[in-house]
Every structure is written in C-alpha cells, then in structure tokens.
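I keep this notebook to record what I looked up in one structure, and in what order. Please read the entries with the model open beside them.

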Amino acid sequence: MAPKPWPEVTTFNNWYADMAGSPVKDEIVQRHLGLPPALLSSSLLGWEGIGEVVAALQLNPGATLLDLACGRGGYGLEVAGRSGAALIGVDFSAEAVRQAREHARRLGRAADFRVADLAATGLDSGSVDGVLCVDAIQFARDPAAAYAELRRVLGPGGRAVLTCWETSSADERIPERLRLVDLGGGLTGAGFASVEVLDRPGWRERELAMWEEAAALDPGDDAALQSLHDEAVSVLPTFGLMRRLMATATAPMAA
Ligand SMILES: C[S@@+](CC[C@H](N)C(=O)[O-])C[C@H]1O[C@@H](n2cnc3c(N)ncnc32)[C@H](O)[C@@H]1O
C-alpha cells in the first residue's frame, strides 16, 4: 500500500469549511471528549486532558501562550482563559483562522489568530512563555524545523506541551507522518531541557468510543460527518498499535 501523503493546505481549508456546516460532527466529538459546546475541537484532546495541559504549561497571568496549529482555536482559548494568558494562535489554514477569529469574537475574547506555518510562525524569538501544540506536530513535513521553531519562539524557562500519538509499528495502514513522530527525540534535538513524554492511556477510551460511533454512523450528505466516518474506518484497525502521549519540555535558561 502506498504511504498516505501529507495533506495539503487546501485539504484542511475544505475540511474546516465542511465543519462549519456540521453541528452534528461537533456534537459527537464534544460528547465523547467531554467538551462544552463552545469549545471547537478539530482533534481528540478531552476535558481532563485540557486540565493536564494547563498544569504542565505553568503559565502565569499575563503570560503569552502560542497555540501552534490552532485550528479553530478552541483549545488555545480554553487554556489561555484558564491561565489568564494572552493568546496567539497560528495555523496554515486561512479558513481555520477565519473561523477561530469569528469564534473568539462571538465569545467576546481577545486573541490574535494568524496564518503561518508550524515551522515558520513569523513570531519574534523568545516572544512567548508557553507553546501548546494539540494533535498537530505530525503534520510538520520537516519535524526538526518545527521543533526548532517551538524552541526559538519560547523565552528562557518557557514550557512546550504537545499532544500526539506514537507507534513502534511499521504497519503501512498507519500514515507515514504518524509513524515518524518522535516527540522526545524532536524536543531533545531542538535543545529543550526536562523533556518528558507521558503515556496517557486514559485518553484513549474516549477516542475509541468516538471512533466506534463515527465508524457506525450513516453520514448522509454531511461532508464533515463523511470525513469523520472515513477517518474512523481507517483509524480503528490500527488503533491498538498507537500510544497516546503528552510531551512536556522547558526552554533552557539563558547561560
Ligand atoms: C488535527 S488539526 C488540530 C487543530 C487544533 N490544534 C485542535 O486540536 O483543534 C491539525 C491542524 O494542523 C494544521 N496544520 C497542518 N500542517 C500545518 C503546517 N505546516 N503549519 C501550520 N498548521 C498546520 C491544520 O490546518 C490543522 O488545523
């Protein structure tokens, strides 16, 4: 089987445009992940996971959080809100950023959402206190460049928190981008200190239940539901081969 390619930005733009017209897709995801209706997720981080992410980021009120590959901004808004931090969100999908801005406006929340690449955010070096990257680092075509960008934008002592999956399987049904994920190696190679990669088996139960519902549903003519259904059908056969992870790391203090 040919390896699955890295999705193009147009694929993500279409994915987000479809989502905007599918409240049913959001309801399914939010119900399984335990998320409130106002939290727009495009991934699989649940409510208890958000609490762990907030604790790991150790942001002080007034700090600046970067949500890297922020999608519609749901996690960044929630984490920044709980921490009293200012939020910058970056994603290469202009449609995701448009929806994130609109959603923040609807919620009456200040946030700075920008279109940029994971590996080239355009932010100044050392300009943020924390970086959050939820279920997205696997999309970096040059992972080393993406980890280096995380490190570059963080000030001394700043924390990076990433959620993702890893596998030691060479099963080609798993997309190549996921088989290549190495959170510990990437963060260490970029010069981070105190790198920890933590298994999160409890998060998997919610994910599995969501994929099972999505695989069984009839999407009808709802394109976002169709995409959720197709992803479920493709993910479930190799679900047991994936580890669910949260990685944390600290930018070293200046010498
Ligand atoms: C699975 S979604 C997760 C979005 C968001 N973090 C969340 O959890 O709701 C992956 C995101 O990565 C973004 N992305 C993929 N490749 C990217 C790149 N090279 N630079 C910036 N964003 C990228 C996509 O547009 C998409 O929003």
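**Entry 1, ground rules.** I noted that this is a predicted model, in which local features need pLDDT of at least 70, side-chain atom pairs count only at pLDDT 80 or more, and totals for chains, interfaces and linings use all residues. Residues are numbered from 1 along each chain as its sequence is written.

I looked up what surrounds the ligand and found 20 residues, the closest being Ser43, Ala69, Gly71, Phe92 and Phe139; a residue is near a molecule if its C-beta atom, placed from the backbone, lies within 6 Å of it. This shell divides into eleven nonpolar, six polar and three charged residues, where Ala, Val, Leu, Ile, Met, Phe, Trp, Tyr, Cys and Pro count as nonpolar, Asp, Glu, Lys and Arg as charged, and the others, Gly among them, as polar.

Ala69 is found in the loop between strand 1 and helix 4 (74–83), helices (H or I, at least four residues) and strands (E, at least two) being DSSP runs numbered from the N terminus. Ala69 counts as buried because 26 other C-beta atoms lie within 10 Å; the cut-offs are 20 or more for buried, 12 or fewer for exposed, and partly exposed in between, with C-beta atoms placed from the backbone. Most residues other than glycine have a negative phi, yet phi of Ala69 is near 60 degrees, a positive value. Asp135, in the loop between strand 4 and helix 6, also has a positive phi, near 50 degrees, and is partly exposed, with 19 other C-beta atoms within 10 Å.

I then asked which residues Leu44 touches beyond four places away in sequence. They are Leu33, Asp135 and Glu207, contact meaning C-beta atoms, placed from the backbone, within 7 Å. Leu44 and Arg206 are 162 residues apart in sequence, but 8.6 Å apart in space, C-alpha to C-alpha.

Trp211, Ala214 and Ala215 in helix 9 meet Leu228, His229, Ala232, Val233 and Val235 in helix 10. By class, this contact has seven nonpolar, one polar and no charged residues.

Notes:
Contact = placed C-beta atoms within 7 Å.
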